[in-house]
Amino acid sequence: MTAASTSRRLWRHARLATFAPGAPWGWIDDGALLTEGDRLAWVGADRDLPAATQADAETDLQGALITPGLVDAHTHLVYGGDRAGEFEQRLQGATYEEIARAGGGIRSTVAATRAASDQSLFETAARRARILMAEGVTTIEVKSGYGLAEEHEARCLAAARRLARELPVDVRTTSLAAHALPPEYAGRPDAYIDAAVGWLAGQRSRGLVDAVDAFCDTIGFTPAQTERLFAEAKRLGLPVKLHAEQLSDQDGAALAARHGALSCDHLEHLSPRGIAAMKASGTVAVLLPGAFYFLRETKLPPVAALREAGVPMAIATDHNPGSSPALSLVLMLNMACTLLRLTPEEAWRGVTVHAARALGLADRGVLQPGHRADFAVWDAEHPRELAYRFGHSPCLQRVFAGRPDPAR
Ligand code: DI6
Ligand code: FE
């Protein structure tokens with residue numbers, strides 16, 4: 001073990017939102033936190049810190065706020081190009097169909113992704129990841145889904161893996177070959193799904209994939225096609241998640257729940273049946289206020305019913321060039337409250353403990369001994385301030401695996 005991995009750092013006199021069970025927010029007024037290597041060794045009230053505590057470094061935070069490192073549980077961070085021109089065209093009156101016929105929309109992103117070099121896919125994704133990280137994000141889920149061919153899907157997943165090797169952030173990768181139908185399979189969605197099913201084993205054996213996702217909707221893939229992909233995921237021991245009930249109710253959430261899905265995401269059109277199925281399987285509802293906002297949706301996900309059923313809710317950016325070019329998970333806290341009517345504490349649990357659960361990760365999202373030492377220090381007195389304000393995210397310091405980022 002290297003010296004760095006066993007170094008002990010003590011952080012004192014912080015306001016702590018631990019999200020541990022018990023008090024609301026897991027709140028500790030004058031708290032302390034000891035890291036040992038990449039883990040939390042001690043978390044509690046400053047006055048309870050054992051007198052014999054030794055550390056290699058000690059910081060007095062003078063009342064600054066500490067929260068767990070944020071987890072962005074749903075992004076499409078790897079792609080070529082952008083769609084700002086399309087955004088402008090639409091505001092000048094062009095319809096989505098006209099843009100699509102002219103080669104725009106998701107197909108333009110697929111073309112730009114295929115044309116991009118490995119290095120440029122990595123660099124553009126790294127730039128986006130750093131923006132998320134500057135606001136306290138320490139774990140990012142990254143989906144493929146703009147390659148839509150075996151080689152290009154693999155290149156996108158490999159770029160996501162490289163992020164975790166080269167940046168101080170943890171990355172979970174998700175194979176989303178069933179995102180859209182690529183042009184070479186026009187009119188042959190079943191043949192495309194057969195192909196995508198065939199790519200999974202190779203992605204798995206190359207260590208490129210942690211989970212499998214699909215877009216189950218009228219403009220995506222059918223429940224039967226989704227089911228075939230999930231059967232292969234199960235055979236390979238990969239957990240599944242689903243873009244479900246975003247634009248219509250396909251009963252996708254219940255399908256995913258039958259497969260023990262980690263999460264169902266979007267969920268604007270989720271039915272009571274879907275909620276019951278998710279509750280029974282312990283599936284997390286990942287709500288995506290950025291896409292809701294940018295697509296100017298009017299149908300809200302059934303937040304009150306999810307709350308009543310006790311289905312855990314997570315919040316993510318859904319960063320992608322088409323429906324959510326958002327790069328601020330802190331802004332999503334505000335949107336989750338103003339647009340979706342979550343409470344500030346629900347929104348915060350949605351980017352910490354419940355987001356970790358949506359990725360099947362039990363070692364983060366709560367500040368408690370034994371968990372990863374991933375946390376963020378904020379210039380705020382209480383996390384509710386960060387859900388309240390928008391356009392300003394006062395992250396003073398990010399600590400990843402026990403190591404503080406260099407001062408900015
Ligand atoms: N749902 C979405 O909102 C995005 N993908 C998905 O499954 C849209 C992706 C794009 O337009 O590029
Ligand atoms: Fe998405």
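Predicted model: local features only at pLDDT ≥ 70, side-chain atom pairs only at ≥ 80, totals over all residues.
Biologist: How far apart should the end C-alpha atoms of helix α8 be?

Modeller: Helices (H or I, at least four residues) and strands (E, at least two) are DSSP runs, numbered from the N terminus, and the expected span of a helix is 1.5 Å times one less than its number of residues. Helix α8 covers residues 223-235, and because it has 13 residues it should span 18 Å, which agrees with the 18 Å between its end C-alpha atoms. Just after α8, G237 has a positive phi of about 75 degrees.

Biologist: Which residues of α8 are buried?

Modeller: Buried means under 20% relative accessible area, exposed over 50%, and partly exposed in between (1.4 Å probe, protein chains only). An α-helix has 3.6 residues a turn, so residues three or four places apart point the same way. In α8 the buried residues are Q225, T226, L229, F230, E232 and A233. Seen down the axis of α8, they fall within an arc of 160 degrees (taken from the directions from the helix axis to the C-beta atoms), so they line one face of the helix. On the other side, A224, K234 and R235 are exposed. The buried residues of α8 pack against β8 (170-178), α7 (189-205), β9 (211-216), β10 (241-244) and α9 (252-258), where contact means heavy atoms within 4.5 Å.

Biologist: Which residues are the protein donors of the iron ion (ligand 2)?

Modeller: Donors are N, O and S atoms within 2.8 Å of the metal (3.2 Å for Na, K and Ca), and since water is not among the atoms, sites may look incomplete. Here the donors are H74 (NE2), H76 (NE2), H243 (NE2) and D318 (OD), lying 2.1 to 2.3 Å from the iron ion. Their spacing in sequence is H-x1-H-x166-H-x74-D. Distant parts of the chain are linked by H74, in the loop between β6 (70-72) and α2 (84-91), and H243, in strand β10, which are 169 residues apart. H74 is buried at a relative accessible area of 0%, and H243 is buried at 3%.

Biologist: How should I read a salt bridge, and how many does the structure hold?

Modeller: A salt bridge is a side-chain nitrogen of Lys or Arg within 4 Å of a carboxyl oxygen of Asp or Glu, and the structure holds 25 of them. K143 forms one with E141, the closest N and O atoms being 2.8 Å apart, and K143 also meets D213 in a salt bridge of 2.8 Å, N to O. Because D213 lies in strand β9 and K143 in strand β7 (residues 137-143), that pair ties together parts that are 70 residues apart in sequence. K143 counts as buried at 1% relative accessibility, as does D213 at 0%, and E141 is buried at 0%.

Biologist: Which residues are linked in a network of salt bridges?

Modeller: The network links D38, R39, D170, D363 and R364.

Technical notes. Residues numbered from 1 in each chain as written. Chains lettered and ligands numbered in written order. Heavy atoms only, no water.
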